[in-house]
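Subject: Structure for your review

Dear colleague,

Please find the structure below, handed over for your own analysis.

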Amino acid sequence: MITLSHLKKTYGGVTALDVPELTIGDGQIVGLVGNNGAGKTTMMRLILDLIRADQGYVTIDGTRVDLYPVWKTFTGSFLDGTFLVDFYTPEEFFDFIAEAYGFSREELAERLRTYETLMNDEIMGKGKLIHDHSNGNRQKIGIIGAMLVNPRVLILDEPFNYLDPSSQIVVAKLIREMNRDLGTTVLVSSHNLTSINDLCDRLLLLEKGKLLMDKAHVPGSIDPELEAYFLEAVK
Amino acid sequence: MPYSLSFKSLARLQFRQLFRGKTKRDLIGPIVLIVYFWGVVILSFFLVKDDLESVPTGILAAVFLSLAILDFLCKLIFVRDHTVMDAFLRTRPILQKQWNRFLIVSQSWNLPNLTMPVILLPACLLFFPFWLGLAVWVGLYLLCVLNGILVMQLKRRGTYAPDKVVFTAAVHTFKPGRTGHAIFGLQSKSLLRSKRLKRAWLYMSIFFLLEFILYGSTGSIEGGRDRFFGMFYLFGFFAIESIMLSQYGLGIEAGYFGALWTRPVSINRILRDKFWLGAALGGIGLLITLPFCIWFHISLFVPISYALYTAGFCSPLLLIDAYNCVPFDLFGKTYFNHQGASGTFKASVVLGTFLLLGLGWGLPALLPGWPSCLIFSILGLIGFVFHRPYFAWVERKFLKDKYKYLEKYQSQ
């Protein structure tokens, strides 16, 4: 369970995030939506203890993330390119993750089999550094790196960016399967409303750092309120 | 005529990129370096003043101008291809002719072209009458600019061939698969796979080693001032092996800190890996130099003590605030990408490096023979014995103010 308590972050006097209370229950797939500058990435960075909260704190399973790093052992995340080791090949990067989380090479090979469809023979065995892969493949490597640890908590920022439609479908399917099989709590942000609608069972809408909407959602359905919000924003 | 960004706009963009985010504190590093080199030049002048009185001024001027050859070679080795436009420029209307003109004219203020003239400015004024000194300095500056243009022309046609030979040899020596496990590999592979790091490390190592062998093989190392210089190069070789990576602190890791911070990999572990990579390279350096030391009748205690001192003592000390660093872009290569190329080293690190190197070079002159070796060995062994609690302490210091550094890494 992830909880945000009186969480506030400002940059130069501008509020990037201001969430009095938020709880994400175990096993939920939560979609975080909002226009640019809404505070989605800031929220994720605060959950991952990458930036200091001006007020409040985040807990995962009751433990404050800023005080105790135990969350790192069961959390998988991918926000941007700094979550990749650019000078490694994908194989070495996955080796690094296996070593950091303490699972064997055999176990790693076994887990990687799950992601073969996503990799589509374009990632492994090419002898290319991650730096030299296309943006789409880098995105896939990052997502696999986050999911490979079979996390209890999975945090992905814009995972569908750069991906072709087939890969977007595969990623959504992999997230759903992980959630179903392992009970993983998922927080995923995206500008792609279709993917969010298909995947998530709860939607959070942020605007200028404030939580505007927090509602349950039936995966696969379209949320008219959400559609209306974004249509209204461009009028 | 189609629209193109003007020369003025390009120059303004370059200067803004160069100085953006820089504070007065960032000037400390370059000032320390200039003061250091000027000190060396002035000291050298007073040491050789009497010997130079018999040398005709014309010959001396020719010797000065011939330093442009060294400048050319250095640029051939170290300067990257600066002609590549970054994505921002490539997507703007810039005529090729305008870009070429900018590239050529900007060589007149290019930092590598200014380095040698700035360092040798006091030498030109001290070694010659004023007007001749000024003429020599201007000549040197013009030659350096010309070198810059020539090297730019050479480099834009592709990688300079001899680079490949040396790098291929190095890569075969340290094949990636043999460099250790995946977490330790973060250190070794970042060195081997980044041309920016690898070139500096490899060429400086080779330079110091060859100079040492040159002194030794000509018998100059037997005694006196030449012995001092021979030992200077031997020590320099060990210093490069063990210290070079430490100087960047966590700058390399800062480029992919998300991958580290969100995973159960401690800063302590990363620092210890840096330490052990330095020690391993020092060990390899020891194996390389031992046969030469035997050949030149140098006590084996000397290279062993140098290896212990640089790897065990200097390297951890330079990592004392490793986290206070600028992210180093391992793959940076475009013209306007100065990330990692400027302001990477902190003034305190530069100063610390010079102090530690100064001790390494000066102590054998003050205490020749085994006493200096003994001191170096003891200092090095202290480092090896206490490195674990030491790095745990460094990590605690980082964690105390972690957001300051994490936010700095993410903002750059």
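A residue is called buried if 20 or more other C-beta atoms lie within 10 Å of its own, exposed if 12 or fewer, and partly exposed in between, with C-beta atoms placed from the backbone. By this criterion, buried residues make up 45% of the 235 residues in chain A. Please note that this is a predicted model, in which local features need pLDDT of at least 70 and side-chain atom pairs count only at pLDDT 80 or more, while totals for chains, interfaces and linings use all residues. Residues are numbered from 1 along each chain as its sequence is written, and chains are lettered from A and ligands numbered from 1 in the order in which they are written.

Chain A

Chain A contains eight helices and ten strands; helices (H or I, at least four residues) and strands (E, at least two) are DSSP runs, numbered from the N terminus. Its radius of gyration, taken over C-alpha atoms, is 18 Å, close to the 18 Å that the globule rule (2.2 Å times the number of residues to the power 0.38) gives for 235 residues, so chain A is as compact as a globular protein of that length. Along the principal axes, the C-alpha atoms of chain A fill a box of roughly 45 × 40 × 35 Å.

Nonpolar cores

A nonpolar core is a set of buried Ala, Val, Leu, Ile, Met, Phe, Trp, Tyr and Cys residues joined through C-beta atoms within 7 Å. The largest has 133 residues, of which A:I47, A:V85 and A:F93 touch the most other members. Helix α15 (residues 301-318) of chain B gives the most to this core, with nine residues. Apart from it lies another core of ten residues, including B:L120 and B:C124.

Helix α18 of chain B

In α18 (residues 402-411) of chain B, the residues B:Y405, B:L406 and B:Y409 are buried. Seen down the axis of α18(B), the buried residues fall within an arc of 100° (that of the directions from the helix axis to the C-beta atoms), so they line one face of the helix. The face turned away from the buried side carries the exposed residues B:K404 and B:S411.

The interface

The contact takes 25 residues from chain B and 25 residues from chain A, where two residues are in contact if their C-beta atoms, placed from the backbone, lie within 7 Å. On the side of chain B that touches chain A, α9(B) gives the most, with seven residues.

Yours sincerely
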